[in-house]
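Please read them with the coordinates open.

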Amino acid sequence: MRPLVSFIIPVHNDSARLQRCLDSIASNNYPRALIEIIVIDNDSTDGSDRAARDYGAVVIKASDPSVAALRNRGARAALGNILAFADSDHEIDENWIQNAVEVLSEKDVVATGAAPLTQPSPNWVQQHYDGLRARPQAREDVTWLGSGNLAIKRSVFEKVGGFDASLTACEDVDLCNRVRVTGGRIVADPRLRSIHFGDPRTLSALFFGELWRGRDNLRVTFRGPKSLRHFRSALIPVGELWCLNGGLLALLFGYLTLATLFLAAAVAPSVIRAAGIVRRQLRPGVVPALQALTVAVVFDLARALALFTRGSHRARRAA
């Protein structure tokens, strides 16, 4: 017997993209009677709630700066045994639901999803930003999945206590850390295809977006599994910040050689990241390489500065 799948979608003034998201869900190759849609409307003034009701969604009015809290509210109201978390600026593949149900039918698999694709006809910033995402070519176990394209068994979600509502970012990493502690597998499946229409169009948008996303990075990292691989996402920004400060101090006191070494060390992770972007996109050449390096440097700089600067969601949306 096929399970009821409950989609939980937070939204704030995003009516047009929400309608595209809801249309992709409602038109999936899965019985409509077994698809529940719950939209948590976070003080929208653009008619997002009306758009949601037009698709038969349950609309929950809320006012909370934490997207984790919004998702938890939707989960509490949901009736399905499978909770599917999507963002309003996503569009899912027509076979997304049946593929998610198939993956979760395996006893030891508790969550599934996939890294999204950037929007059609992206500009160079969006194209190289998309290159930051690692995408398996086949189904494989992963340590975490983004909450904009995630399906999880309700029993496991409730067992770990849902999302941590005190987090303003990295709530999906934290959830996956706690899910893995239960012994369940988190599986990425490329068939769970999703297009993200919210990738940054400019370097400014990229910077402020990552400044906001990185604000809870240290907090989440040090409460998770204790391994060098797990700590890498926190250690790299710390190391970059230390090298940047060392380079600036050395430059201030006239030690040019030492300053060069410090600054080279600070940029080294970005060079490695840019090489990964070029490799994934199979676009060799000087211009693509320089563009990839620019995106990687802005990304890493924002993540490093997020260690002591509280990026705001308002600045992110404005950018």
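1. Asp41 has a relative accessibility of 1% and so counts as buried, the cut-off being under 20%. The model is a predicted one, and this holds for each point below.

2. Asp41 is paired with Lys61 in a salt bridge whose closest N and O atoms are 2.7 Å apart. The two residues are 20 apart in the chain, with Asp41 in strand β2 and Lys61 in strand β3. Lys61 is partly exposed, because its relative accessibility is 45%.

3. Strands β2 and β3 belong to an open sheet of eight strands with mixed pairing, in the order β3-β2-β1-β4-β9-β6-β10-β8. At its edges stand β3 (58-62) and β8 (140-141), each of which pairs on one side only.

4. Within this sheet, β1 (residues 5-11) and β4 (residues 82-86) run parallel and are joined by four bridges. Ile8 faces Phe85 of β4 across the pair, standing opposite it. On the other pairing of β4, five bridges connect it to β9 (residues 149-153) in the antiparallel sense. There, Ile82 stands opposite Lys153 of β9. Helix α1 (residues 15-26) lies across β1 and β2 (35-42), at about 175 degrees to β1.

5. How many of the residues of β4 are buried? Five of its five are. In a regular strand, side chains alternate between the two faces of the sheet. In β4, Ile82, Ala84 and Ala86 are on one side, Leu83 and Phe85 are on the other, and all are buried.

6. A second open sheet has three strands in the order β5-β11-β7, again with mixed pairing. β5 (90-92) and β7 (117-118) are its edges; each has a single partner strand, so one side of each lacks a neighbour in the sheet. β5 pairs with β11 (residues 194-196) in the antiparallel sense over three bridges, and Glu91 is placed opposite Ile195 of β11.

7. Arg133 deserves a look. This residue is in the loop between α5 (124-130) and β8, and counts as buried because its relative accessibility is 16%. Beyond its neighbours within four places in sequence, Arg133 contacts Ala115, Pro116, Leu117, Thr118, His196, Asp199 and Arg280.

8. The whole structure holds 22 salt bridges. One of them joins Asp130 and Arg135, with 2.4 Å between the closest N and O atoms. Asp130 is buried, because its relative accessibility is 12%, while Arg135, at 29%, is partly exposed.

9. Another salt bridge, between Arg178 and Asp174, has its closest N and O atoms 2.9 Å apart. Both residues are in helix α7 (residues 171-181), four residues apart, which is about one turn of the helix. Arg178 is partly exposed at 24% relative accessibility, whereas Asp174 is buried at 1%.

10. Helices α10 (228-252) and α11 (256-281) each contribute at least two residues to the patch. Leu261, in helix α11, is exposed because its relative accessibility is 56%.

Conventions
Residues numbered from 1 in each chain as written. Predicted model: local features only at pLDDT ≥ 70, side-chain atom pairs only at ≥ 80, totals over all residues. Heavy atoms only, no water. Buried < 20%, exposed > 50% of the residue type's maximum accessible area, 1.4 Å probe, protein only. Pairing = 2+ DSSP bridges. Contact = heavy atoms within 4.5 Å. Axes fitted to C-alpha atoms, helices over the stretch in contact; angles between N-to-C directions. Salt bridge = Lys/Arg side-chain N within 4 Å of Asp/Glu carboxyl O.
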